[in-house]
Amino acid sequence: MRFTTERHLDGGVVEREFALGEVPGLLWTPAAASAPVPLILLGHPPLGLHRMYPRLAARARHAVADGFAAAAIELPGSGDRPRWATVEQARADLRRAMAAGGPVSDEIIDALVLPLVDRAVPELRSALDALLALPEIGGPVGYSGGLISVGIRLAVVEPRIVAAGLFAGSLVPRVMFEEARQVTIPLHVLLQWDDEGNDRQAALDLFDAFGSPEKTLHANMGGHTGVPQSAGQDAAGFFARHLLPSPAVPG
C-alpha cells in the first residue's frame, strides 16, 4: 500500500488517498486515538470514487466520530480503471431494458453483477490485508453499503468481517440467493419502501434468504434518495454494538 496524499479535515479526521497496485482507495482515520480502532469498509455503486466522494466522505466522517476508521476502494471498471467490454455491454442492455419498461432478464443481471463480484471481493480482501497491517487500525471489521451482492460474497468468504450493514437492491443474480443462505454474521439491511429502481418483493425475498440468526430489516417510506437521517443513526448503533468493545461493568 502506497499513500499518495494526506489532509486533515474538520472534526479530527485524517483523509489519505492510497494505491494498492492498480487499485486506488481512500482511508479516513482519527487524528488522535489512544489505541488501534476498528475498521468499516464503505461499499458504493460502480460510479467512481470521485463521483461518490461527497457521500463517502460524509459517511466516513460519521464513522470516525463514532470511533472507527473507514476505507473505500475503487471498484473494477469504475473511475479511472480500465473498462470491461462485456460489463459495458451489460450496462447498455440494462439501460435499454429499463427504458422499454420491460423486465430485466437474469442474463443481463448476471453479466452485469457477477464479474464485478468475482473481481471486487478479492481486491477488497487484499485491501483488508494492507489496512489491518497499519498500526492505527486493529479490527474487527464491518462492511457498510455498496452493491448488496458484493456484501453477500464478502460475508461468506471473509472471516475478518463480523457484521454488515447492507443497502437493499433488486438487481441480484439468482446464485447470490444461494450464497445469502450461507451468511451467518449479524446483518442490518436498509430498504427504501418506494425505491423506484428496486423490486421491493425481490429485496424482501433476499432478506428472507439470509441465514444469519441476527438480521434486522429497516424499511422506510420514500424513494431512493429519501433515506431519513435516523437510518444512519440506527446503522451507527448496529456497528457500535458489534465492533466496539463493550464498556466495562463496575465490579
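A polar contact is a pair of N or O atoms within 3.5 Å; within protein, one must be able to donate a hydrogen and the other to accept it, and residues adjacent in sequence count only if both atoms are side-chain atoms. The side chain of S78 makes such a contact with the backbone oxygen of P46, at 3.4 Å. This is a predicted model, in which local features need pLDDT of at least 70, side-chain atom pairs count only at pLDDT 80 or more, and totals for chains, interfaces and linings use all residues. Residues are numbered from 1 along each chain as its sequence is written, and side-chain values use heavy atoms, with hydrogens and water left out.

Start with the whole protein. It has seven helices and nine strands; helices (H or I, at least four residues) and strands (E, at least two) are DSSP runs, numbered from the N terminus. The radius of gyration is 18 Å, close to the 18 Å that the globule rule gives for 251 residues, so the protein is as compact as a globular protein of that length. That radius is taken over C-alpha atoms, and the rule is 2.2 Å times the number of residues to the power 0.38. Along its principal axes the C-alpha trace spans about 60 × 45 × 30 Å.

Of the 251 residues, 47% are buried. Buried means under 20% relative accessible area, exposed over 50%, and partly exposed in between (1.4 Å probe, protein chains only). Contact means heavy atoms within 4.5 Å. Among contacts between residues at least 6 apart in sequence, 67% join residues at least 24 apart.

Now turn to the loop between strand 5 (69-73) and helix 2 (85-99), where S78 sits. S78 is buried, with a relative accessible area of 2%. Leaving aside neighbours within four places in sequence, S78 is in contact with P46, L47, G48, R83 and R91. L75 lies in the loop between strand 5 and helix 2. L75 is buried because its relative accessibility is 7%. Not counting residues up to four places away in sequence, L75 touches H44, P45, P46, R81, L116 and A120. The C-alpha atoms of L75 and A92 are separated by 18 Å, and the two residues are 17 apart along the chain.

Strand 2 (residues 13-20) holds E15. E15 counts as buried because its relative accessibility is 4%. Its side chain makes a polar contact of 2.9 Å with the side chain of R7. A polar contact of 2.8 Å joins the side chains of E15 and W28. Beyond neighbours within four places in sequence, the contacts of E15 include T5, L9, L26 and Y53.

Helix 4 (residues 148-157) is mostly covered, with eight of its ten residues buried. They are I148, S149, V150, G151, I152, R153, L154 and A155. What covers them? The cover includes helix 3 (106-132), strand 6 (137-145), strand 7 (161-167), helix 5 (174-180) and helix 6 (200-209).

Helix 6 is also the place of L204. L204 counts as partly exposed because its relative accessibility is 24%. Not counting residues up to four places away in sequence, L204 touches L191, W193 and L217. L204 and G169 are 35 residues apart in sequence and 9.7 Å apart in space, C-alpha to C-alpha.
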